[in-house]
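Colleague: Please walk me through this model. I shall ask questions as we go.

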Amino acid sequence: MTTTHARARLVLGNWKMHGNLAGNAALLDALGTADPAAHCQFGVCVPFPYLAQVQQLLEGSSIAWGAQDVSKHDKGAYTGEVSAAMLVEFGCTWALVGHSERRSLHGESDQMVADKAAAALAAGITPVVCVGESLDEREGGNTLGVIQRQLAPVLALGADALARMVLAYEPVWAIGTGRTASPEQAQEVHSAIRVALQGLGVPQVQVLYGGSVKAANAASLFAMPDIDGALVGGASLVADEFLRIAAA
Ligand code: PEP
């Protein structure tokens, strides 16, 4: 890919709670055959039970994989949780943390999200820290304040930690709704995040956009100077659509 963009491009899929053994194999086969990593860094974040399958099928390919969550704890009496060390055993490169569905459905606080990011980093996994405002918050003129609040404990982890993370701006009102932020709306928030990162001496941190990204809107989002790629939910389950996003 020819690009003058300052940072490497990254496109990550989030399968959410979708998939089955046969369907995953078919999807990964279609993705692998097309070699999307020729265009950008490329990966899929899959449900925990499929990590072994994905590791087996993608080992040696240029497609990376990861999880959709990680515990903030190392080990112990935390029924149902999965530690970063466990993810390492399955070859994970990435772990999403603070996805809006985790924040809203599982009550994850801003501090817990930062703790999870720190746990992933300590194990050598790149956390993809998701932030984003609800529709009410946007309409109330609070978008940047919400992003600032969500990011505060993450930024407090310091420059060394931040330099090994990826951030993702995902407006809640755009996730799974088919309603994408316009490139200008997304850029406004990405630019504010970039200014904060610059202030901490880490302007090179990749900041992804997520929220109903499709082949039809990917190129216009990627044309924005502070958007470094995408976190893709629904469209990552359709090989052809996901590949066209990577090619954009
Ligand atoms: C997501 O799950 O992170 C996401 C952005 O979903 P969608 O692309 O379906 O809006």
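Colleague: Which residues does Asn14 touch, not counting those up to four places away in sequence?
Modeller: Asn14 touches Cys45, Gln68, Leu96, His99, Leu231, Val232, Gly233 and Ser236 on that basis, where contact means heavy atoms within 4.5 Å. Please note that this is a predicted model, in which local features need pLDDT of at least 70 and side-chain atom pairs count only at pLDDT 80 or more, while totals for chains, interfaces and linings use all residues. Residues are numbered from 1 along each chain as its sequence is written, and side-chain values use heavy atoms, with hydrogens and water left out.

Colleague: Where is Asn14 found, and is it buried or exposed?
Modeller: Asn14 is found in strand β1, residues 10-14. Helices (H or I, at least four residues) and strands (E, at least two) are DSSP runs numbered from the N terminus. Asn14 counts as buried, because its relative accessibility is 5%. Buried means under 20% relative accessible area, exposed over 50%, and partly exposed in between, with a 1.4 Å probe and protein chains only.

Colleague: What does UniProt place at Asn14?
Modeller: An unreviewed UniProt entry places the feature "binding site" at Asn14, Trp15, Lys16, Gly176, Ser212, Gly233 and Gly234. These residues span 221 residues in sequence, yet no two of their C-alpha atoms are more than 13.6 Å apart, so they gather at one spot. Of these residues, Asn14 and Lys16 are included in the lining of the largest pocket. UniProt positions are given in the numbering used here, feature names are shortened, and annotations may be inferred rather than shown by experiment.

Colleague: What counts as a pocket?
Modeller: On a 1 Å grid over the protein atoms alone, a pocket is an open set of points with protein on both sides within 12 Å along at least five of seven lines, whereas a cavity is a set of points where a 1.4 Å probe fits but cannot get out; lining residues have an atom within 4 Å of a point.

Colleague: Now Lys16. Where is it found, and what is its phi?
Modeller: Lys16 is found in the loop between β1 and α1. Its phi is near 50 degrees, a positive value in a residue other than glycine. Most residues other than glycine have a negative phi. Lys16 counts as buried, because its relative accessibility is 18%. The backbone nitrogen of Lys16 lies 3.0 Å from a polar atom of the side chain of Asn14. A polar contact is a pair of N or O atoms within 3.5 Å; within protein, one must be able to donate a hydrogen and the other to accept it, and residues adjacent in sequence count only if both atoms are side-chain atoms.

Colleague: On to the ligand. How many residues surround it, and which are the closest?
Modeller: The ligand is surrounded by 14 residues, the closest being Lys16, Glu170, Gly176, Ser212 and Gly233; a residue is near a molecule or strand if one of its heavy atoms lies within 4 Å of it.

Colleague: What lies 2.8 Å, 2.9 Å and 2.6 Å from an oxygen atom of the ligand?
Modeller: At 2.8 Å there is a polar side-chain atom of Lys16. An N or O atom in the side chain of His99 is 2.9 Å from an oxygen atom of the ligand, and a polar backbone atom of Gly176 is 2.6 Å from one. On its own the ligand has 290 Å² of accessible area, of which the protein covers 96%. Accessible areas come from the Shrake-Rupley method with a 1.4 Å probe; for residues, only the protein chains shown count as cover.

Colleague: Where does UniProt place the feature "active site"?
Modeller: The unreviewed entry places the feature "active site" at His99 and Glu170.

Colleague: Last topic: which residues of helix α2 are buried, and what covers them?
Modeller: In α2, residues 51-58, the buried residues are Leu51, Gln53, Val54, Gln55 and Leu58. Their cover includes α1 (21-34), β2 (41-45), β3 (64-67) and α3 (84-89). Gly60, with a positive phi near 85 degrees, follows α2.
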